[in-house]
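Open the model in your viewer and keep the sequence panel beside it. We will go stop by stop, selecting as we go.

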Amino acid sequence: MVAYRCSRTAPSRGTPRNIRAGWRLTELSETTIIGCTFSGNTSVLGYPAIANHNRPCPTVINCIVWGNSTGEVGPDVTVLFSNVQGGYPGVGNIDADPLFVDPDNGDLRLQPGSPCIDAGNNNAVAALAGTDLDGNPRFGDDPDTEATGCGVPVVVDMGAYEFQGTPGTVVFADINGDGTVTIADLFALNQCMGSGDPGCCVADLDLDGEVGVLDAMLLLTNLFQSSPAPGL
Ligand SMILES: [Ca+2]
Ligand SMILES: [Ca+2]
Ligand SMILES: [Ca+2]
């Protein structure tokens, strides 16, 4: 299962009725949670917002998990390019106030200056394309924010809402950012094989933490693509 651009927040934060855990992974064999925001959740059983109950390898990427009263992310979850309160191990993760617009009233959009802006990983969403939870373009560049995530030429934000700056287009596997997937991208990917250069994250298409043959195969299946996937 892939959960994309979702927002999980309790409807009445801080009240005794607010008992729902954010997401308890119990029944699905493999789960990927992409571009979601979890905030204001509580569990009477004490589960964190994202709890893994014996699932093989749930992955959380480009997400914000912040301000949940019974914890944020439990053990045995792979977390990448996400903002988790209290921190969580994983490439691209941060622990910094996401600067939600009005979390007490359920507005989990990002204020200017949020550390989540331009801090996600494009490869997690480029093949999904589409829009953010507001129906706005998923890829926007905030000219006032130095991109700290992974991607060219615009970098996706963490969370369900994209801070709307200058809209851009991202084509999956277009590693050099010229708008089309060509042999030049395959050459760039090949140069990244075995490299520890952080800039090579754009070539890790399958998000397994390294640039290898599987990434090259993914690129080849997208050869000559020049437009993003249609919106979801
Ligand atoms: Ca962005
Ligand atoms: Ca290209
Ligand atoms: Ca890879």
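**Start at Ile61**

Select Ile61. Leaving aside neighbours within four places in sequence, Ile61 is in contact with Ile34, Leu80, Phe81, Ser82, Asn121, Ala124 and Leu207. Contact here means that the two C-beta atoms, placed from the backbone, lie within 7 Å.

Before moving on, note that this is a predicted model: local features need pLDDT of at least 70, side-chain atom pairs count only at pLDDT 80 or more, and totals for chains, interfaces and linings use all residues. Residues are numbered from 1 along each chain as its sequence is written, while chains are lettered from A and ligands numbered from 1 in the order in which they are written.

**The core**

Now select Ile50, Val60, Ile61, Cys63, Val65 and Val73. In the largest nonpolar core, which has 54 residues, these touch the most other members. Such a core is a set of buried Ala, Val, Leu, Ile, Met, Phe, Trp, Tyr and Cys residues joined through C-beta atoms within 7 Å. Buried means 20 or more other C-beta atoms within 10 Å of the residue's own; exposed means 12 or fewer, and partly exposed is in between, with C-beta atoms placed from the backbone.

Colour by element next. β4 (32–34), β6, β7 (59–61), β8 (64–65), β9 (78–80), β12 (107–110) and α1 (183–192) each give two or more residues to this core. Domain 1 (1–170) and domain 2 (171–232) each supply at least three of its residues. Those domain bounds come from an automatic or database assignment.

Zoom out for the whole chain. It has two helices and 14 strands. These are DSSP runs numbered from the N terminus: helices are H or I, at least four residues, and strands are E, at least two. Of the 232 residues, 45% count as buried.

**Helix α1**

Select α1. Asp185, Leu189 and Cys192 are buried there. Down the helix axis they fall within an arc of 55 degrees, so they line one face of α1. The arc is taken over the directions from the helix axis to the C-beta atoms. What covers the buried residues of α1 includes α2. After α1 comes Gly194, with a positive phi near 80 degrees.

**Two loop residues**

Go to Asp204, in the loop between α1 and α2 (213–221). Buried or exposed? Asp204 counts as buried, because it has 21 C-beta neighbours inside 10 Å. Not counting residues up to four places away in sequence, Asp204 touches Asn123, Gly209, Glu210, Val211 and Asp215.

Jump to Leu45, in the loop between β5 (37–38) and β6 (50–52). Leu45 has 9 C-beta neighbours inside 10 Å, so it counts as exposed.

**A hairpin**

Select β11 (100–102) and β12. They pair in the antiparallel sense over two bridges; pairing takes at least two bridges found by DSSP. Asp102 stands opposite Asp107 in β12. Four residues lie between the strands, and Gly106 takes a positive phi near 80 degrees in this hairpin.

**Last stop: confidence**

Colour by pLDDT, the predictor's confidence in each residue, from 0 to 100. The chain mean is 85, and 84% of residues reach 70 or more. Strand β10 (83–84) is highest at 98, and strand β3 (23–25) lowest at a mean of 57. Then select residues 11–21, where pLDDT stays under 50. Where pLDDT is low, the predicted coordinates should not be read in detail.
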